[in-house]
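Subject: Structure handover

Hello,

Here is the structure for you to look over. My notes on it follow below.

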Amino acid sequence: MTHMDKADLLGLYRQMLLIRRFEEKSAEMYALAKIAGFLHLYIGEEAIAVGAIAALRPDDYAISAYRDHGHCLARGSDPNKVMAELFGKATGLCQGKGGSMHLVDLSKRFMGGYAIVGGHIPLATGLAFATKYQKQDLVTVCFFGEGAVPSGQAHEAFNLAALWKLPVIFICENNRYGMGTPVQRAVALYENVAEAARSYGIAAERVDGMDVLAVRSLMHRVVDQVRAGHGPFFIEAMTYRFMGHSMADPSHGHYRSKDEVEEHRKRDPLTLLKETMLSQAHCDEADFKQLDREIGEVVTAAVKFADESPFPDPASLYADVMVED
């Protein structure tokens, strides 16, 4: 609880609650066919995005994979524009051309979600190279799942980042299932994921990804270290998604039991922070009820905005996407 106060904690809780309610509403809208294509939810992993991004400056860069709603919202993007993008509407962050897996918000230095597994890790390394080359005092943070670690481009990126001592922080959101791989391989990966970075001389540390305070505390230390020119860092955040891999996947899938999911729900990041706040931060149930009402109104307004927004003009298919900076 060092250097923490009630307002600070409520701010962290509010961000995680926004992501949780936004994702729950997104699942509902998908079921109503308001959202098309694929939809990968961040439910259960909120503490990583919120804790990590809380340690960044507004001018630092963040980049993510296809489970990107949480990172984008944690970076401060307008929920109305995020929801509109999921709906494929012209008022979305990318004018409806990106959709769920390709959110970009240059105004928040959120450089995108990418659907190719591991394909954005070299882009993060490139961002870090550019900022170092231009002698800018900036850090780049790259979020990805453990399933991206075996990809060749990830290793190339780790190697170059270490070789050039680039200011990049690789955050592996290890939810214990490397999708697209046999379960046996996924389990082995879960046990050894950080070794991929250490093999190139990158410092690595594991953190409880369900504890937003632990994530933020580690990130503050790592960000200072990386910004000071000590080279890249690899964080393995141990987490657990409560939903399926995507909306096409049952909640527990064919690779884990319902009992397993329920066991992990006992360490819900929202519940963990709430318990800390109730016991140590002079918060009471009224504070949480008020936040729940506020966030409910924000998410309801986002759906209304998206639903009432127009679809892109067909002619815009031939025009470049202009994103706000």
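This is a predicted model: local features need pLDDT of at least 70, side-chain atom pairs count only at pLDDT 80 or more; totals for chains, interfaces and linings use all residues.

**Helix 12**

The N-terminal end of helix 12 is capped by Asp 284. A side-chain oxygen of Asp 284 lies 3.1 Å from the backbone nitrogen of Ala 286. The buried residues of the helix include Phe 288, Leu 291, Ile 295, Val 299, Ala 302 and Ala 306. An α-helix has 3.6 residues a turn, so residues three or four places apart point the same way. Asp 287 and Val 303 are also buried. The packing partners of these buried residues are helix 1 (6-31), helix 4 (79-86) and helix 11 (269-280). Phe 288 has a further feature: the charged end of Lys 274 sits over its ring, 5.1 Å from the centre. A second case of this kind involves Lys 89, whose charged end sits over the ring of Phe 311 at 4.7 Å from the centre.

**Whole chain**

The protein chain has 12 helices and 6 strands. Does its radius of gyration agree or disagree with that of a compact globule? It agrees: for 325 residues the globule value would be near 20 Å, and the chain has 19 Å. Along the principal axes, the C-alpha atoms fill a box of roughly 55 × 50 × 40 Å. Of the 325 residues, 51% count as buried. Take the contacts between residues at least 6 apart in sequence: 75% of them join residues at least 24 apart.

**Aromatic rings**

There are 7 aromatic pairs in the structure. One of them is Phe 158 with Phe 170, with ring centres 4.9 Å apart. Their planes stand at 75 degrees; over 60 counts as edge-to-face, so this pair is edge-to-face. The pair links distant parts of the chain, 12 residues apart: Phe 158 is in helix 6 (residues 152-163) and Phe 170 in strand 4 (residues 168-174). Both Phe 158 and Phe 170 are buried. Ring pairs also tie Phe 158 and Phe 170 into a cluster with Phe 144 and Phe 234.

Val 141 is in strand 3 (residues 140-145). Its relative accessible area is 0%, so Val 141 is buried. Beyond four places in sequence, Val 141 touches Leu 56, Tyr 61, Ala 62, Ile 63, Ile 169, Ile 171 and Met 219. Val 223 is 82 residues away from Val 141 along the chain, yet their C-alpha atoms are separated by 9.2 Å.

Arg 227 is found in helix 9 (residues 212-227). Its side chain makes a polar contact of 2.7 Å with the side chain of Asp 60. Residues touched by Arg 227, beyond four places in sequence, include Arg 57, Asp 137, Leu 138 and Val 139.

**Positive phi**

Most residues other than glycine have a negative phi. Which values do Ala 33 and Gln 95 take? Phi of Ala 33 is near 65 degrees, and phi of Gln 95 is near 60 degrees. Ala 33 is in the loop between helix 1 and helix 2 (46-53). At 64% relative accessibility, Ala 33 counts as exposed. Gln 95 lies in the loop between helix 4 and strand 2 (110-113). With a relative accessible area of 23%, Gln 95 is partly exposed.

Best regards

How values were computed. Residues are numbered from 1 along each chain as its sequence is written. Side-chain values use heavy atoms; hydrogens and water are left out. Buried means under 20% relative accessible area, exposed over 50%, partly exposed in between (1.4 Å probe, protein chains only). Helices (H or I, at least four residues) and strands (E, at least two) are DSSP runs, numbered from the N terminus. Contact means heavy atoms within 4.5 Å. A polar contact is a pair of N or O atoms within 3.5 Å; within protein, one must be able to donate a hydrogen and the other to accept it, and residues adjacent in sequence count only if both atoms are side-chain atoms. Rings of Phe, Tyr and Trp (its six-membered ring) pair if their centres lie within 6.5 Å; planes under 30 degrees apart count as stacked, over 60 as edge-to-face and the rest as tilted. A charge sits over a ring if NZ of Lys or CZ of Arg is within 6 Å of the ring centre and within 35 degrees of the ring normal. The radius of gyration is taken over C-alpha atoms; the globule rule is 2.2 Å times the number of residues to the power 0.38.
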